[in-house]
Amino acid sequence: MHMPSMTRSTVREFDGNSYVVLRTISGELLHVYRVLPAHGHCRGQLEKLLHFPPEVAER
């Protein structure tokens, strides 16, 4: 997956799930993705979330 160049990503663990929080360099929240577990021969996937626990996006 291609991420924009002027961003930084952080992996957060919350409530048994892993999330990728994508922010601009200045710290503005862009997107939150939930990491879907890999199964069989499939690699893990990212699911873009429109609604997510506020704890995930905390700094």
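Contact, as used throughout this tour, means heavy atoms within 4.5 Å. The model is a predicted one, in which local features need pLDDT of at least 70 and side-chain atom pairs count only at pLDDT 80 or more, while totals for chains, interfaces and linings use all residues. Residues are numbered from 1 along each chain as its sequence is written, and side-chain values use heavy atoms, with hydrogens and water left out.

**The whole chain**

Begin with a cartoon of the entire protein. Its secondary structure comes to 1 helix and 4 strands, where helices (H or I, at least four residues) and strands (E, at least two) are DSSP runs numbered from the N terminus. Along the sequence, the pattern reads β-β-β-β-α. Along the principal axes, the C-alpha atoms fill a box of roughly 40 × 25 × 15 Å.

Of the 59 residues, 22% count as buried. Buried means under 20% relative accessible area, exposed means over 50%, and partly exposed lies in between (1.4 Å probe, protein chains only). Among contacts between residues at least 6 apart in sequence, 25% join residues at least 24 apart.

**Strand 3: Val32**

Select Val32, which is placed in strand 3. Is Val32 buried or exposed? At 1% relative accessibility, Val32 counts as buried. Setting aside residues up to four places away in sequence, Val32 touches Tyr19, Val20, Glu47, Lys48, Leu49, Phe52 and Val56.

**Strands 3 and 4: Arg34 and Glu47**

Now select Arg34 together with Glu47. The two form a salt bridge whose closest N and O atoms are 2.9 Å apart. Arg34 belongs to strand 3 and Glu47 to strand 4 (residues 45-49), so the pair ties together parts that are 13 residues apart in sequence. By the rule applied, which asks for a side-chain nitrogen of Lys or Arg within 4 Å of a carboxyl oxygen of Asp or Glu, the count comes to 1 salt bridge. Both partners are partly exposed: Arg34 has a relative accessible area of 25%, and Glu47 stands at 30%.

**Strand 2: Arg23**

Move to Arg23, in strand 2. Beyond its neighbours within four places in sequence, Arg23 is in contact with several residues, including Met6, Glu28, Leu30 and Arg59.

Select Thr24, found in strand 2 (residues 17-24) and buried at a relative accessible area of 16%. Its side chain is joined to that of Ser26 by a polar contact of 3.0 Å. A polar contact is a pair of N or O atoms within 3.5 Å; within protein, one must be able to donate a hydrogen and the other to accept it, and residues adjacent in sequence count only if both atoms are side-chain atoms. Outside four places in sequence, Thr24 is in contact with Met6, Thr7, Arg8 and Leu30.

Continue to Leu30, in strand 3 (residues 29-36). Leu30 is partly exposed, with a relative accessible area of 35%. C-alpha to C-alpha, Leu30 and Thr7 are 8.7 Å apart in space and 23 residues apart in sequence.

**Last stop: Asp15**

Finally, select Asp15, in the loop between strand 1 (7-14) and strand 2. Asp15 is exposed, with a relative accessible area of 68%. Its phi is near 55°, a positive value in a residue other than glycine. Most residues other than glycine have a negative phi.
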